[in-house]
Amino acid sequence: MLTQQNTPTCQQCGKPVKGRIDKRFCDDYCRNAYNNSIKTQVSKTVKTINATLLKNRKVLEAMLPPADDTAKTTRDRLLKQGFNFSYHTHVYTTKTGKSYVYCYDYGYLPLDNDWFLLVRTKDER
Ligand SMILES: [Zn+2]
């Protein structure tokens, strides 16, 4: 039996692809299925990150009373509420070199001994 080492295989189903050497899929069905699975994976990843960021924002919002501009809390309290320090939307560094870490319009500034200063972006309206 002849083994064809160089026969390309379909990236979707793994079957040998007949035809042009640069063909990556058996047919349109396999190409579409492959592209859709990538899209699904991307949107799953994005959804997970967005949910984590929104959860972080919710935690910060709950700890910063609407009447106050700032509040203080600890790393433990944030973690207990489900805060995930791996995710944030942006970092704002002041002229004095302090880096505020933001999840959308809510942010925190790490202080000494695992304390955090919570802040809210001022509504410009
Ligand atoms: Zn295929």
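1. Let me start at Ser99: setting aside neighbours within four places in sequence, Ser99 is in contact with Val91 and Thr93. Keep in mind throughout that this is a predicted model. Ser99 belongs to strand S3, and its C-alpha lies 8.2 Å from that of Pro110, which is 11 residues away in sequence. Is Ser99 buried or exposed? It counts as exposed, because there are 11 C-beta neighbours inside 10 Å, and the cut-off for exposed is 12 or fewer.

2. Now the overall layout. The protein has two helices and five strands, and along the sequence they come in the pattern α-β-α-β-β-β-β. The radius of gyration is 25 Å, well over the 14 Å that the globule rule gives for 125 residues, so the protein is more spread out than a compact globule. The C-alpha trace spans about 75 × 35 × 30 Å along its principal axes. Buried residues make up 13% of the 125 residues. Of the contacts with a separation of 6 or more, 38% are between residues 24 or more positions apart.

3. The sheet is worth a careful look. The five strands form an open sheet in the order S1-S5-S4-S3-S2, with antiparallel pairing. Which strands stand at the edges? Those are S1 and S2 (90–93); each has a single partner strand, so one side of each is left without a neighbour in the sheet. On average, neighbouring strands here are turned by 30° against each other, direction ignored.

4. Going through the strand pairs, S1 (residues 70–74) runs antiparallel to S5, and five bridges join the two. Ala71 has Leu118 of S5 as its bridge partner. S4 and S5 are also antiparallel and also joined by five bridges, with Leu109 standing opposite Leu117 in S5. At the other end of the order, S2 and S3 run antiparallel with four bridges, and His90 has Tyr102 in S3 as its bridge partner.

5. Two hairpins deserve a glance at their turns. The hairpin of S2 and S3 has five residues between the strands, and Gly97 there takes a positive phi near 90°. In the hairpin of S4 and S5 there are four residues between the strands, and the residue with positive phi is Asn113, at about 55°.

6. Next, helix H1. Does H1 lie largely in the open or largely buried? Of its 36 residues the number buried is three, so H1 lies largely in the open. Those buried residues are Asn56, Val59 and Leu60, and they pack against H2, S3, S4 and S5. The length of H1 checks out as well: at 1.5 Å a residue its 36 residues should span 52 Å, and the end C-alpha atoms are 52 Å apart, which agrees.

7. On to the core. The largest nonpolar core has 11 residues: Val59, Leu60, Leu64, Leu78, Phe83, Tyr102, Cys103, Tyr106, Tyr108, Phe116 and Leu118. Two or more of these residues come from each of helix H1 (28–63), strand S3 (99–103), strand S4 (106–110) and strand S5 (115–120).

8. Cys103 gets its own point. Not counting residues up to four places away in sequence, what does Cys103 touch? The list is Leu53, Asn56, Arg57, Leu60, His88 and Thr89.

9. Last, Tyr87, which lies in the loop between helix H2 (75–80) and S2. Its C-alpha is 7.8 Å from that of Cys103, although the two residues are 16 apart along the chain. Leaving aside neighbours within four places in sequence, Tyr87 is in contact with Ile49, Thr52, Leu53 and Asn56. Leu53 and Asn56 are also among the residues that Cys103 touches. With 17 other C-beta atoms within 10 Å, Tyr87 is partly exposed, because that count falls between the cut-offs of 12 or fewer for exposed and 20 or more for buried.

Definitions and conventions: Residues numbered from 1 in each chain as written. Predicted model: local features only at pLDDT ≥ 70, side-chain atom pairs only at ≥ 80, totals over all residues. Core = buried A, V, L, I, M, F, W, Y, C linked by C-beta atoms within 7 Å. Contact = placed C-beta atoms within 7 Å. Pairing = 2+ DSSP bridges. Rg over C-alpha atoms; globule rule 2.2 N^0.38 Å. Axes fitted to C-alpha atoms, helices over the stretch in contact; angles between N-to-C directions. Expected span 1.5 Å × (residues − 1).
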